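Hi,

Here is the structure I promised to pass on to you.

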Amino acid sequence: MKLLLKREQTKQGIGRINFQLWAKLEPEEEEQKLIDKYQFNNAILAGELQEGLLRRAAILGIVVWFVIGLIGSAIASVQIGGVVGLIAGGGFAYWWVNEKREIINVQDLIWGRTFKCTSVIDLAKKEAELEDMVSLLRQVMESSKHWDGTETIPVDALPKEEAKQLMLRVF
């Protein structure tokens, strides 16, 4: 498995520099078979759905639908304007969610995904985060080769202070 990274920087506005990191995962043939077999494509590697993201996308989609619908109605007919507006609004809402979401799943990395970073430090953090995610995925995929059968794992009691630290970390 290989993780391809491509860094870019672009100027935007007066003196502002934007950084982008493009990441793509290239699994080997055996790894791709495991991804397909265990449906790792939809596995979430990091993040969670941000509150309000879908609501904002829906509102923006409705605004786009309304504006494009009005323009389409003026040019053609109300039905055509409504349908074209609905397609444009839905497409815009989908694009908005995809651009603003912080969830990273395996399929994103297999197709290749661009991450926007505000600084070089954010870019370096994102690189390290992606490397850790892919490393974890690789280990899970390796362990999936042995998911048949049963296993007994002894779990010993920890000393009081270690147990306390473990509980604080987990809960």
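Predicted model: local features only at pLDDT ≥ 70, side-chain atom pairs only at ≥ 80, totals over all residues.

Three strands make up an open sheet, and their order is E1-E2-E5 with antiparallel pairing. Strand E1 (2–12) and strand E5 (113–117) sit at the edges, each pairing on one side only. On average, neighbouring strands of this sheet are turned by 25° against each other, direction ignored.

Helix H5 (residues 120–144) packs on the sheet and touches E1, E2 and E5. The direction of H5 makes about 10° with that of E2.

Leu3 stands opposite Leu25 of E2, and Lys11 has Ile17 in E2 as its bridge partner. E1 and E2 form a hairpin with 3 residues between them. In that turn, Gly13 has a positive phi of about 70°.

On to the E2 and E5 pair: these strands also run antiparallel, with 5 bridges joining them. Here Trp22 has Thr114 in E5 as its bridge partner.

Which residues of H1 are buried? They are Glu31, Leu34 and Ile35. Seen down the axis of H1, these buried residues fall within an arc of 100°, so they line one face of the helix. Glu29, Lys33 and Lys37 are exposed on the other side of H1. The cover over the buried residues of H1 includes H4 and H5.

Most residues other than glycine have a negative phi. Gln39 is not a glycine, yet its phi is positive, at about 50°. This residue lies in the loop between helix H1 (29–37) and strand E3 (44–46). Is Gln39 buried or exposed? With a relative accessible area of 61%, Gln39 is above the 50% cut-off and therefore counts as exposed.

Helix H2 (residues 53–75) has 23 residues, which at 1.5 Å a residue should span 33 Å. The end C-alpha atoms of H2 are 33 Å apart, so the model agrees with that expectation. The buried residues of H2 are Leu53, Ala57, Gly61, Val64, Gly69 and Gly72. Among what covers them is helix H3 (78–100).

Trp96 belongs to helix H3. Its relative accessible area is 19%, and because buried means under 20%, Trp96 counts as buried. Not counting residues up to four places away in sequence, Trp96 touches Leu53, Arg56, Ala57 and Leu60. Trp96 and Ala57 are 39 residues apart in sequence, while their C-alpha atoms are 6.0 Å apart in space.

**The nonpolar cores**

The largest nonpolar core has 20 residues. Which of them touch the most other members? They are Leu25, Ile104, Leu109, Phe115, Leu130, Leu137 and Met141. Two or more residues of this core come from each of E2, H1, helix H4 (106–111), E5 and H5. H5 gives the largest share, 6 residues.

Leaving out residues up to four places away in sequence, Ile104 touches Ala43, Ile44, Leu45, Ala46, Leu109, Arg113, Phe115, Lys126, Glu129, Leu130 and Met133.

Let me know what you make of it all once you have had a look.

Best wishes

Methods. Residues numbered from 1 in each chain as written. Heavy atoms only, no water. Pairing = 2+ DSSP bridges. Helix = DSSP H or I, 4+ residues; strand = E, 2+ residues; numbered from the N terminus. Axes fitted to C-alpha atoms, helices over the stretch in contact; angles between N-to-C directions. Contact = heavy atoms within 4.5 Å. Buried < 20%, exposed > 50% of the residue type's maximum accessible area, 1.4 Å probe, protein only. Expected span 1.5 Å × (residues − 1). Core = buried A, V, L, I, M, F, W, Y, C linked by side-chain atoms within 4.5 Å. Arc of directions from axis to C-beta.
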